[in-house]
Amino acid sequence: MRHAVLFGALLAVGLLSAPRAEACGGFFCAQTPIDQAGERIVFGVSGNAVEAHIQIQYQGDARKFAWVVPVQARPKPLEIGSAQLFTYLDQVTQPRFQLQWDDSCSPLFGLPRGGDVADSAPPEAGAGGVVVVSREDVGPYDAVTLTADDAVELRTWLTTNGYDIPESTGKALEPYVGNGYYFIALKLQQDKGVGDLKPLVVKFEGNRPCIPIRLTAIAARPDMPIIAYVLAQKRAVPVNYRHVLINPTRVDWLSGGRNYPQVATAAVDEAGGRAFLTEFAGSATSFGQNFTQFFGRNYNTAALATYTHPVDFANAMMAQGFLGDSSVQGLLRRFIPMPASLVQQGVQEVQFYNNLSYYRSSIDSDPGRAPFDAQGFAKELEAQVVQPMKSAAALLNAYPYLTRLYTTMSAEEMTVDPDFDFNTDAPDVSNVFTAKAHFESCQQDFTKREVRIELPDGRYFFTRLNQPINQGPNAERVEQYSEVGAPAILKDNSPLILGVIQELGGGRVGGCGCGATDAGSAAMLALLFGAWSLRRRRN
């Protein structure tokens, strides 16, 4: 069975960056990072065809940027993708922890409610067994597709041709060289900067997603988060990695699940370091339509091309709903450069581009101003923003089911490439966790209020603000999926977790529910509880 192998590594001296949420009214924002993911990829798998959208994130010297990804079949001509595809999927599938409060006493203001957290040219022979299959300019990238039968020679070819590739890359490439893989190598064009980076779209033959994580290890930071979105006919499951469910009692519910990434990372580690959580699995039938409603519904670049003044053009862009992502920001800098006089006065980019109408006279009086190219600006917006967004919407519309898989890994754990298959028996998974909440006391000092949290399965426990339970396992269950049937349960920590919350004053509504039906079972549970050095809940 041919696997759809796709991911990559930033092979450069730089910093892998976390994605940022855009929530401001202008094109340039002082953005605040949110903990969503580190590396993200969207797979669309249909029959023997795979379409992969890969988000590339890098901070550092543009001249040192290089990116290599192996694919197990010859890719079709490359395309640039839409950053908004990742923004949208993150928004609609990220885990949310929502409390349903009773009227025991009114929550004080500030209490989180949860959840808002063309055909290729003939192959060109290279040195030492490296074959250049194709060369192309894709958005801001110089892209080349290669084959090779020796990892050292492949690295030599890359460095000779201007790719900044560390020496350790040769060893990392060895599992893929000589095994039928093609290699896509990217570098930024000479006139492009890091701010011009865009997602890459790769299409090729295959029927199962697989991530060549061993190559990613070159640039991985400790516990690097990875999210794989898989669009298909049914749920995707890891088949050579374990599957893990978190212990919901370890989550800080009163902060909307703020510590969820730490709990998830610890759960993966408890499962052996190579495991995935399913954060969402369900119908995707409305995603394409909703994506278009959120992004691009009113885009009309032909109308924009009629505006002869840059300020009017930018105001019309804003009215049409264009967002200030890196593509739009780069085009604004290119077609509406800030006047030198304003730079000398200390005006910041965010001030200028978010208040262009205020600076209209400065733009008009700028002696170095070139004629405004409205048609060129509109053409670039169509190519770099609108068309990739339409392709993203078409991808979402083409598939009825979406699976979001999450893990964190450090370089030393990236020794086996995770492989995914599809399982029609696997159940849907909601990304919304819910629980009931009841105040045990109503002091004015909220930090002293004790809250009773009751989970949907009847288990309940007590917590206070910023004092989540820190005892017991982080993984509730560790499983192993295959292509059919229910997963094999490798480890079930449910009895142990119930014992922890009982020792802390909680339990299960309607009885123990711990399965200890005899003295021997009860004694075994007591031994397990003792292993976690439990402390009695303080009143």
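Colleague: Accessible areas come from the Shrake-Rupley method with a 1.4 Å probe, as I understand it. With that settled, what does the accessible surface of the protein chain come to?

Modeller: About 23400 Å², and carbon and sulfur atoms hold 49% of that. Bear in mind that this is a predicted model.

Colleague: Fine. How many of the 539 residues are buried, as a percentage?

Modeller: Buried residues account for 51% of the 539 in the chain.

Colleague: And how many helices and strands am I looking at?

Modeller: The chain has 15 helices and 27 strands.

Colleague: Let's pick a piece. How do β11 and β12 pair?

Modeller: They're antiparallel, with seven bridges between β11 (131-138) and β12 (141-147). If you want a pair to click on, Val 131 faces Thr 147 in β12.

Colleague: What goes on between the two strands of that hairpin?

Modeller: Two residues sit between β11 and β12, and Gly 139 has a positive phi near 55 degrees.

Colleague: Which residues does Tyr 141 touch?

Modeller: Leaving out residues up to four places away in sequence, its contacts include Ile 56, Phe 65 and Glu 136. There's also a run from Leu 186 through Lys 187 and Leu 188 to Gln 189, plus Leu 197 and Lys 198.

Colleague: How far is Lys 187 from Tyr 141, along the chain and in space?

Modeller: Their C-alpha atoms are 5.5 Å apart, with 46 residues of separation in sequence.

Colleague: What about Gln 190, where does that sit?

Modeller: Gln 190 is in the loop between β13 (182-188) and β14 (200-205). Its C-alpha is 9.2 Å from that of Tyr 141, and the two are 49 residues apart along the chain. Gln 190 is exposed, because its relative accessible area of 84% is over the 50% cut-off.

Colleague: Changing topic: what is the volume of the second largest pocket?

Modeller: About 570 Å³. It is lined by 27 residues, and the closest to its centre are Leu 245, Ile 246, Val 429, Ser 430 and Phe 433.

Colleague: How does β27 pair with β24?

Modeller: It's antiparallel, with two bridges to β24 (459-463). Arg 459 is set opposite Arg 508 in β27.

Colleague: Last one, helix α14. Which of its residues are buried?

Modeller: In α14 (494-503), those are Leu 496, Ile 497, Leu 498, Gly 499, Val 500 and Ile 501. Have a look just after the helix too: Gly 505 has a positive phi of about 100 degrees.

Definitions and conventions:
Residues are numbered from 1 along each chain as its sequence is written. This is a predicted model: local features need pLDDT of at least 70, side-chain atom pairs count only at pLDDT 80 or more; totals for chains, interfaces and linings use all residues. Side-chain values use heavy atoms; hydrogens and water are left out. Two strands pair if DSSP finds at least two bridges between them. Helices (H or I, at least four residues) and strands (E, at least two) are DSSP runs, numbered from the N terminus. On a 1 Å grid over the protein atoms alone, a cavity is a set of points where a 1.4 Å probe fits but cannot get out, and a pocket is an open set with protein on both sides within 12 Å along at least five of seven lines; lining residues have an atom within 4 Å of a point. Grid points are joined across faces, edges and corners, and a volume is the space filled by probe spheres set on the points. Buried means under 20% relative accessible area, exposed over 50%, partly exposed in between (1.4 Å probe, protein chains only). Contact means heavy atoms within 4.5 Å.
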